[in-house]
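Subject: Structure for your files

Hello,

Please read the notes with the structure open.

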Amino acid sequence: MDRKKLIADLKQQFMLKRVRAQEEVDEFIEGLRIDPEFDKMYSQYSQKSLEYWRESFNEENLMLKHDVEDLKLKIEKYLSDRNIDVSRLKPKYECPICNDTGVVGGRVCKCLLNKLNSEISKSCSSSTNFKTFDMCNPNIMDEVDKKAKDKLVSWCENYPNVSKININILGVAGSGKTFFLECLAGSLINKGHSVCFKTAFELNELARLYHIGKSYEFMDCVNSEILLIDDLGTEPIIKNVSKEYLYNLINTRQIKNLATIISTNLSLNDLLDRYDERIFSRLVNKNLSLTIQLTSKDKRI
Ligand SMILES: [Zn+2]
């Protein structure tokens, strides 16, 4: 996906939001001006405000300032006497920090960043319902699960300042590993990070399409801030594609220090058997990866 184009689109959306908010105020005032009393008051207010604004470049004119404030109070009284919401005189912006400009103090506002991240995550993670750790049901969690959850919550809270950048969640079907993966994704998105969530099957298919020049989405996954791969080991091994692209993906992400989180129902031995030493040693690197083994009982009730 084209990040620059996305930012340009979002800036355009933000500008339209501002225009719309101002238009709403204009329409509101136009409606009120049907009453000659309000119209007169508002014309005086506009004129005095303009004069005050012009003169304020030279020196502050206290007389004018007083007139403007006086007229503003009169307008507000006119409205409250008629039970009309006074706040409608000001544009209503969604973000009180940047007033929907997307910029604050020369930097990109958090609201624009969050929007950008959720757009990127959306386009990268079509098949997932994101969850958060508060959705964990303690009644079906044993001690192992609780410990695993605590580790993952603390990793999320500390990210990106974590000692181990990758996570492997091991456990057989029904052990809750996909649930934990979705909790990680949701919590990280809520923190404003950009997340790419794929099943191993989807990722494998993207690698195949990339290999034959049909789609470049695989590279979005390789370069995403945080990549989550669900159910590694369930994808078919395509000759010259699956292992090769997986190796390149993991290797590239390790060099760039990007977080890769996987779930798998394979044991460490099975992983080594299936993907050979090069992939295995990068996945299960004790210095870089937190490996969590879940218990086996079926929690899908
Ligand atoms: Zn903002």
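Strand β4 is joined to strand β5 (residues 226-232) by 5 bridges, and the two run parallel. Strands here are DSSP runs of E with at least two residues, helices are runs of H or I with at least four residues, and both are numbered from the N terminus. Two strands count as paired if DSSP finds at least two bridges between them. Opposite L228 in β5 stands F197.

The model is predicted, so local features need pLDDT of at least 70 and side-chain atom pairs count only at pLDDT 80 or more, while totals for chains, interfaces and linings use all residues. Residues are numbered from 1 along each chain as its sequence is written, and side-chain values use heavy atoms, with hydrogens and water left out.

The sheet

The pairing of β4 and β5 belongs to an open sheet of 5 strands, in the order β4-β5-β6-β3-β7, with parallel pairing. β4 (195-199) and β7 (289-293) are at the edges with a single partner strand each, so one side of each has no neighbour in the sheet. On average, neighbouring strands of this sheet are turned by 10 degrees against each other, direction ignored.

β6 is joined to β5 by 5 bridges and to β3 by 4 bridges, running parallel in both cases. T264 in β6 has L232 opposite and also L170 opposite.

Of the 6 residues of β6, 6 are buried (under 20% relative accessible area; exposed is over 50%, partly exposed in between; 1.4 Å probe, protein chains only). In a regular strand the side chains alternate between the two faces of the sheet. In β6, A259, I261 and S263 point one way, and T260, I262 and T264 point the other way.

Helices on the sheet

Helix α5 (residues 143-158) lies across β3 (166-170), β6 (259-264) and β7, at about 155 degrees to β7. Helix α6 (residues 177-190) packs on the sheet and touches β3, β4, β5 and β6, and its direction makes about 170 degrees with that of β5. Contact means heavy atoms within 4.5 Å. Axes are lines fitted to C-alpha atoms, for helices over the stretch in contact, and angles run from 0 to 180 degrees between N-to-C directions.

F57 is in the loop between α2 (36-55) and α3 (62-81). F57 is exposed, with a relative accessible area of 62%.

Regards
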